[in-house]
Amino acid sequence: MLFRSTMADDAPITIKSWSPRNADGRFRGIVSLRTALIHSLNTVPVRIYQQIGAEPILAMCARFGIPQDDEGPSVVLGAGSVTLLDLTAAYAALANGGVGVWPHGLDSVRDRDGRIVDKPSGGGPGRVADADTTAEVVRILAQVLVEGTGRNARLPIPAAGKTGTTQDGRDAWFVGFTDRYVVGVWLGNDDNSPMEKVGGGTLPARIWRDVMTDLHR
């Protein structure tokens, strides 16, 4: 499989004055893309950006409903802005086997008499990614909950997901799915100040696990 056979170097890298690091401060050397994704090794996607350029990465983001400006290599680590709703919808496309969805916050609007006066229409943009590649990504994201950064989100049923933590811990999230639900959890301060010892694999993952446990009772 592509993610097992393709290797990359998780080693220190500096671009101008920016030096991305891994959360644990360690570098693992030559690893597969599968290992890099499971353990959130930040230098690997940065090197991929340098190799293939911004265009295919930004095009993929747009297909999944999270259009981004070219922020340079940091865009692959989440430097661009995205809402939790849009991010969760992007994961829904993975859960759907590569078929995208259009997210909305309300399923209908009713008047005071209970009549529906507005309702979202249409399901989504259609296929946004190859089914076989999507299935491989989902298998890897399932391992994130078993051996990677999302172990606190592990469920007794099949599930997949991914952690995320922005610079200085200002945002922490976990987004994942089962065969029934896609759920996203975000934590952060209203004033955008850094949080203390909160990463995507800590409290957000535990909240996600608890919500999913209740949903599947």
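This is a predicted model: local features need pLDDT of at least 70, side-chain atom pairs count only at pLDDT 80 or more; totals for chains, interfaces and linings use all residues.

Trainee: Why is Arg-26 called partly exposed at 47% relative accessibility?

Mentor: Buried needs a value under 20% and exposed a value over 50%. Arg-26 is at 47%, which lies in between, so Arg-26 counts as partly exposed.

Trainee: What makes Asp-24 and Arg-28 buried, partly exposed or exposed?

Mentor: The cut-offs of 20% and 50% apply again. Asp-24 has 39% relative accessibility and therefore counts as partly exposed. Arg-28 has 27%, so Arg-28 is partly exposed too.

Trainee: How do you know that the side chains of Arg-26 and Asp-24 meet in a salt bridge?

Mentor: The rule asks for a side-chain nitrogen of Lys or Arg within 4 Å of a carboxyl oxygen of Asp or Glu. For Arg-26 and Asp-24 the N to O distance is 3.6 Å. That is within 4 Å, so the pair is a salt bridge.

Trainee: What makes Arg-28 and Asp-24 a salt bridge?

Mentor: Their closest N and O atoms are 3.0 Å apart, and the limit is 4 Å. The conclusion is a salt bridge between Arg-28 and Asp-24.

Trainee: Which residues are linked in a network of salt bridges?

Mentor: Asp-24, Arg-26 and Arg-28 are. Asp-24 bridges to Arg-26 and also to Arg-28.

Trainee: How many salt bridges does the rule give?

Mentor: The count is 7. One of them joins Arg-115 and Asp-113, with 3.3 Å from N to O. Both Arg-115 and Asp-113 are exposed.

Trainee: Why does Ile-15 count as buried?

Mentor: Ile-15 has 17% relative accessibility, and the cut-off is under 20%, so Ile-15 is buried. Ile-15 sits in the loop between strand E1 (7-10) and strand E2 (29-32).

Trainee: Which residues does Ile-15 touch, leaving out those up to four places away in sequence?

Mentor: Val-46, Gln-50 and Pro-73. Each has heavy atoms within 4.5 Å of Ile-15, so each is a contact.

Trainee: How do you know that strands E8 and E9 pair?

Mentor: Pairing takes at least two bridges. Strand E8 (residues 171-177) and strand E9 (residues 182-188) have 7, so they pair, and the sense is antiparallel. In one of these bridges, Ala-172 has Leu-187 in E9 as its partner.

Trainee: How many residues lie between E8 and E9 in the hairpin?

Mentor: There are 4 residues between them.

Conventions
Residues are numbered from 1 along each chain as its sequence is written. Side-chain values use heavy atoms; hydrogens and water are left out. Helices (H or I, at least four residues) and strands (E, at least two) are DSSP runs, numbered from the N terminus. Buried means under 20% relative accessible area, exposed over 50%, partly exposed in between (1.4 Å probe, protein chains only).
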